[in-house]
Amino acid sequence: MPDQSTVADAPVVPEEAAPTAAATPSEHTGGTDAPRWTPSRVEDAPLVTGEGRFLDDMDPLPGTLTAAIVRSPHPHARIRSVDLSRARRHPGVAAVIGPEEVLAALRPFPLSVSTQMPYFPTGTDKVRYVGEPVAVVVATDRYVAEDAAELVAVDYELFDPVVGIRTALAEDAPLLHEGQGSNVATDRTFTFGEVDQAFAEATHVVSGEYDFPRYSGAPMECYSVIANWTEDSAGPAIEAWANFHGPFTMVPVMASALGIPTSRVRLHVPADIGGSFGIKAGIYPYVVLLALASKHARTAVRWSEDRAEHLVASSSGADRMMRFEAAVDADGVITALRTDLVDNVGAYMRPPEPSTLYRCYGNITGAYRIPAVQIRARAVVTNTMPTGLIRGFGGQQLYFGLERLMDDISARTGLDVVDLRCRNLVPPDAFPYETPTGGVYDSGNYEKAVRLAVENADLAELRQRQAEARARGELYGIGIAVVVDPSGTNIGYVGLATPPEARKAGRDKSGSTEHVRVSVDVQGVVTVMLGSVPQGQGHATIARQIAAARLGLPEESVRAVIDMDTATTPWTVTTGSYSSRFAPLVTSAVIEGCDRIARTIRAAGGVLLGADPDELELAEGRVRVKSDPSRSAEFRHAAGVVHWDPGSLPEGTSARLYEEAAFTPAARAATRDERINSSLCYGLVVELVAVRIDPDTLEIGIDRVSSVHDAGTVLNQTLLDGQVYGALTQALGGAMYEEFTYTEGGQPTAATFLDYLCPTTAEAGFPLITDHVVSPSPLTPLGAKGSGEGSSMSFPVAIANAVTDALSPYGLKIDKLPVHGNVLHELLDGVRRPA
């Protein structure tokens with residue numbers, strides 16, 4: 001086994017592309033052994049010393065009142081009446097609003113798809129899930145507000161609930177939204193290539209049905225909002241603080257619901273938002289609801305969600321029912337793929353859904369060269385919490401089906417699971433590789449990554465362990481998953497939910513621009529202002545390192561600002577921390593901004609040194625002559641020339657040390673033939689997992705994990721490893737512990753951490769070997785791709801494949817998650833153990 005290695009913290013900021021050599025592997029026991037190197041994140045010190053500034057710590061508007069939300073106890077009911085009178089008379093109450101006030105003041109939120117499923121921040125005609133807001137009470141403090149909330153009287157007419165995808169699709173299912181006439185919110189079919197012919201000529205046709213669960217990110221800090229409604233001669237305006245992280249497409253969505261221009265919505269996001277993993281993209285309805293409450297209370301209002309509210313009524317990833325079918329030739333090569341994907345989006349098709357269905361459209365074939373594809377994509381509504389973004393959204397669902405199918409093909413053809421995958425991988429000489437659906441894989445060496453994962457895992461030794469375990473009557477299995485990791489989303493993919501003939505001319509959406517601002521003050525200190533709204537990934541650390549390297553400065557001379565204020569921070573509708581955007585997009589904008597600043601500094605340095613700016617370089621905090629580094633001036637003195645003596649600058653040189661830069665990928669909207677490159681970059685993850693199942697308790701133990709990632713150029717090894725460990729742990733929760741479940745009557749049964757189980761360091765303490773191959777992206781200045789989500793997509797199905805392998809003596813398979821001892825007891829109940 002490879003030894004644990006010390007890995008440098010310094011970022012790689014190459015003049016040319018980095019070599020495609022594999023990094024030295026490192027062996028860790030996840031959650032138990034600390035790495036030998038010391039992380040250099042600038043974000044860490046305040047967090048570990050209690051100086052983090054979370055929204056609940058902030059009091060930006062003195063005199064702010066507190067809100068409590070009245071929620072529905074029923075999953076499906078008509079609101080006959082709402083009596084707010086007793087609550088309004090309660091001492092200390094400033095305002096109470098309900099459906100009547102919502103309908104009078106707000107418009108339905110704009111939806112991503114044209115449906116007859118209007119969505120407001122509260123129930124208006126009906127309630128459609130347990131926990132749906134019905135009223136808001138504003139009072140002097142939380143205690144008074146909660147007491148008064150109990151005085152709100154709601155008369156409900158109960159209806160049968162719809163729980164689960166299969167129930168929603170039934171012909172006689174109750175309708176959540178009568179105007180839609182169905183519980184299906186969207187239904188599209190796409191065909192690329194000669195699918196039917198490939199299936200007709202196939203040696204094998206292999207199919208499988210698979211179910212992926214819904215689960216959460218379980219952030220440390222739940223939703224939190226402060227909102228203030230004001231009016232002046234220009235009309236109403238909203239100023240709000242929220243631990244929101246984007247996408248900022250939700251800002252015009254909020255403005256539309258409020259009926260005011262986007263310019264009259266000012267949103268602040270603190271530097272510390274208490275984690276999210278995508279879940280806090282769903283906070284925007286509460287910003288609108290609290291703004292309306294502020295209007296009625298005539299002062300600012302704050303609300304902080306408690307854990308029970310969060311687990312019942314915030315957001316989750318979409319659960320998916322899916323069918324995959326492959327046409328396979330005599331050599332085990334897949335010639336066509338059919339998929340039928342059905343997402344449960346909860347009670348409403350709430351923006352940005354149906355993103356989960358389409359986010360991986362361009363990489364629907366995964367790491368494999370499959371020439372023909374047919375996709376049916378549907379989303380249904382049920383009487384459950386609405387869904388939204390979560391780490392890896394769309395990817396873990398897709399790959400659970402695709403990679404389980406690969407193992408089913410292996411079983412049918414008799415080919416080894418690794419061999420089968422290697423026969424179908426996109427070869428290294430095929431890049432850039434265009435998928436049938438329009439995705440363009442920018443770079444990679446997939447077989448090299450697979451071989452590295454197998455080598456690091458010592459697969460031969462694991463097979464020996466398995467043989468010995470089975471000889472003792474024990475259950476031992478080995479699973480693998482190979483997934484393409486998309487990053488830098490092209491927002492145009494959501495348009496695929498609308499047929500081409502229904503798309504409005506001139507209203508296409510595409511791309512994924514990111515903005516930054518770089519400035520230099522009179523003392524030469526560089527400030528990099530980001531609109532990336534990080535959730536804890538270390539954006540400030542990387543931005544500092546890149547800017548310092550680009551400008552030849554010590555990192556101490558650079559500061560990064562990550563607080564968001566839409567009135568002062570550069571942003572656009574695609575801004576935000578989602579879809580692994582930072583490495584490919586934000587860093588590219590930082591490079592552009594710093595390079596512009598560098599040109600001005602070299603011009604000023606030329607004045608000081610009497611040299612041609614083209615002959616100068618920035619290094620070690622100085623501007624110096626390349627051919628004679630002894631001739632130099634301090635960076636800060638060159639900055640001083642621009643500030644104090646701009647008249648001395650060469651003619652045509654702008655006295656500007658304040659640059660806004662944007663990076664916009666060359667992306668296009670969906671074509672008329674329904675193709676789109678749904679992301680800018682495509683990395684790779686290979687995970688090989690060995691599991692041991694206790695023969696008596698059927699507890700699943702992870703014996704070894706080999707994880708190999710290709711995220712292009714590695715910007716900071718420590719932060720990349722942190723993303724891998726975090727994604728693995730979150731994926732472990734979705735694979736074996738976490739799930740939002742409901743009774744047949746629609747009541748949530750995982751409303752506390754007693755029932756909603758998150759993995760701890762005890763469960764995450766499995767033997768882990770991580771490694772990397774480096775295939776720089778030709779599409780980003782640094783060659784970097786995203787890396788925040790990869791293992792969240794691959795690890796759940798790798799575990800499922802390993803457990804299926806362990807159960808193969810019984811002919812049993814794991815085609816739904818989570819999998820744990822109870823599931824195995826049910827599967828094995830009555831099954832005779834093999835001799």
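Is S355 buried or exposed? S355 is buried, at 3% relative accessibility. Here buried means under 20% relative accessible area, exposed means over 50%, and partly exposed lies in between (1.4 Å probe, protein chains only). The model is predicted: local features need pLDDT of at least 70, side-chain atom pairs count only at pLDDT 80 or more, and totals for chains, interfaces and linings use all residues. Residues are numbered from 1 along each chain as its sequence is written, and side-chain values use heavy atoms, with hydrogens and water left out.

Stay with S355 for a moment. S355 sits in helix 10 (residues 355-358). Helices (H or I, at least four residues) and strands (E, at least two) are DSSP runs, numbered from the N terminus. The S355 side chain reaches the backbone oxygen of P352 at 2.4 Å. Leaving aside residues up to four places away in sequence, S355 touches L389, F393, Y493 and V494. Contact means heavy atoms within 4.5 Å.

Now step back to the whole chain. The protein chain is divided into domain 1 (59-159 + 223-275 + 279-305), domain 2 (319-493 + 671-828) and domain 3 (514-663). These bounds come from an automatic or database domain assignment.

Look next at domain 2 and domain 3. Their C-alpha centres lie 39 Å apart. The contact takes 24 residues from domain 2 and 19 residues from domain 3. The size of an interface is often given as the accessible area lost when the parts come together. Between domain 2 and domain 3, the buried area is about 1,500 Å², and carbon and sulfur atoms give 68% of that area. Buried area is the accessible area (1.4 Å probe) that two parts lose on being put together, summed over both.

What holds polar partners across this boundary? There are 4 residue pairs in polar contact between domain 2 and domain 3 (both at pLDDT 80 or more). A polar contact is a pair of N or O atoms within 3.5 Å; within protein, one must be able to donate a hydrogen and the other to accept it, and residues adjacent in sequence count only if both atoms are side-chain atoms. The count of salt bridges between domain 2 and domain 3 is 0. A salt bridge is a side-chain nitrogen of Lys or Arg within 4 Å of a carboxyl oxygen of Asp or Glu.On the domain 2 side that touches domain 3, strand 19 (475-489), strand 28 (679-693) and helix 18 (717-736) each supply at least two residues. Strand 19 gives the most, with 4 residues. The residues of this side divide into 12 nonpolar, 9 polar and 3 charged. Ala, Val, Leu, Ile, Met, Phe, Trp, Tyr, Cys and Pro count as nonpolar, Asp, Glu, Lys and Arg as charged, and the others, Gly among them, as polar.

Salt bridges come next. The structure's count comes to 52 salt bridges. One of them joins R188 and E674, at 2.3 Å from N to O. R188 lies in strand 8 (residues 184-192) and E674 in the loop between strand 27 (658-663) and strand 28, so the pair ties together parts 486 residues apart in sequence. R188 is buried at 9% relative accessibility. E674 is buried too, with a relative accessible area of 9%.

R550 and D595 form another salt bridge, with the closest N and O atoms 2.9 Å apart. R550 is in helix 15 (residues 539-551) and D595 in helix 16 (residues 582-609), 45 residues apart. R550 is partly exposed at 25%, and D595 is partly exposed at 23%.

D44 and R41 also pair, their closest N and O atoms being 2.6 Å apart. D44 is partly exposed at 23%, whereas R41 is buried at 18%. Finally, E461, R465, R472, E474, R692, D703 and R704 are linked in a network of salt bridges.
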